[in-house]
Every structure is written in structure tokens, then in C-alpha cells.
Amino acid sequence: MEARMKSAANADVMTAIQGLYKAMYAGGVDPRVLGLVHLRASQINGCSPCVFAGVESAKKQGETDERLHNVVAWRETPFFTEEERAALALTESATRIQDGAPGVTDEIWDAAAAHFDEKQLSAIILNIALTNFFNRINRTIREQAGKSW
């Protein structure tokens, strides 16, 4: 598979995106949780460059191979905290929006709200949205895993 474009974003778009990332990281959520959120949404969407970059970034944040290899099966493993599980459940329900999917149920929302305040929830939701945004762009233009942006 070959990439269709060198870059899908112009300078103005990248400036706007940088502002969104700054706001997201100012939300007070542990960067490791944000990394897990990014990785899980990218796995769901089959975005190889974002999975690759997510793993690389998470390792720099101190994540272990054991945890990274098990994000895809987080429900069946003992490796994640209740806070991380709430964020991952929110990620999955907000990312899987196909026809007929229940979306973010009250149960999922309440579990996330039990661990994160509104500012933190806003940061997590923004992270989910930005990840899905980039996943869709990368899938459209066939961006390649392992490239530096």
C-alpha cells in the first residue's frame, strides 16, 4: 500500500490542531491515560500509523510492553486501573458509532465521571475526537506506519 498524499494538512490546519492538543493536555489527565485512549481508538479504527505512533509515544511515557500488548483486550487483563478502564470504555463507546451501536450509555458515562472531573472528561473526549479525526484522515490518504510527521 502506498500513501496517496504527502500531507493532508496545511499550516493553518496544523496550527489549529496544535491549539486543540494544548487544550487537551491542559485538562489535567495523566498523559499515560491519554496515550491508552489514543491507542485504543486507533486500534478500533485500524489506523496503523496512529497505532505505531501511539505505542512509540506511550513507551516514552513509561508504558510497559505488557500493558501495551494488552490494550486491545483490556477487559480480560489485570493490567489496568479502574480509572483507565473507565477511560477505555468511554473511548470504545464514543469511537464505535456505527448504525445501531448504543454509543456512550449512562453506565459508561457515570463510570468515567466517577474517576474524572468535567475538565478531565473534556480532555478525554477531545482526545477521542482528535484520534478519530486523524484515524480517518490517515485511512483516507493511506498514511504509512513508521513515518515521522
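Y21 and Y25 sit 4 residues apart in helix 1, which puts about one helical turn between them; helices here are DSSP runs (H or I, at least four residues; strands are E, at least two), numbered from the N terminus. The two tyrosines form a stacked aromatic pair, 6.5 Å centre to centre with 25° between the planes. Keep in mind that this is a predicted model: local features need pLDDT of at least 70, side-chain atom pairs count only at pLDDT 80 or more, and totals for chains, interfaces and linings use all residues. Numbering starts from 1 along each chain as its sequence is written, and side-chain values use heavy atoms, with hydrogens and water left out.

**Aromatics**
- The structure has 3 aromatic pairs, where rings of Phe, Tyr and Trp (its six-membered ring) pair if their centres lie within 6.5 Å, and planes under 30 degrees apart count as stacked, over 60 as edge-to-face and the rest as tilted.

**Helix 1 against helix 7**
- Helix 1 (residues 11-25) packs on helix 7 (residues 118-141) at about 145°, with the axes 9 Å apart; axes are lines fitted to C-alpha atoms over the stretch in contact, and angles run from 0 to 180 degrees between N-to-C directions.
- From helix 1, the contact uses I17, L20, Y21, A23 and M24, and from helix 7 it uses A123, L126, N127, L130, F133 and F134; contact means heavy atoms within 4.5 Å.
- Those residues split into 10 nonpolar, 1 polar and no charged (Ala, Val, Leu, Ile, Met, Phe, Trp, Tyr, Cys and Pro are nonpolar, Asp, Glu, Lys and Arg charged, and the others, Gly among them, polar).

**M24**
- M24 belongs to helix 1 and is buried, with a relative accessible area of 1%.
- Setting aside neighbours within four places in sequence, M24 touches L34, A123, L126 and N127.
- M24 and L126 are 102 residues apart in sequence, yet their C-alpha atoms are 6.4 Å apart in space.

**Annotated stretch**
- An unreviewed UniProt entry annotates residues 12-92 as "domain: Carboxymuconolactone decarboxylase-like"; such annotations may be inferred rather than shown by experiment, positions follow the numbering used here, and feature names are shortened.
- Residues 12-92 come out as 73% helix and 0% strand, and the end C-alpha atoms are 30 Å apart.

Key: Buried means under 20% relative accessible area, exposed over 50%, partly exposed in between (1.4 Å probe, protein chains only).
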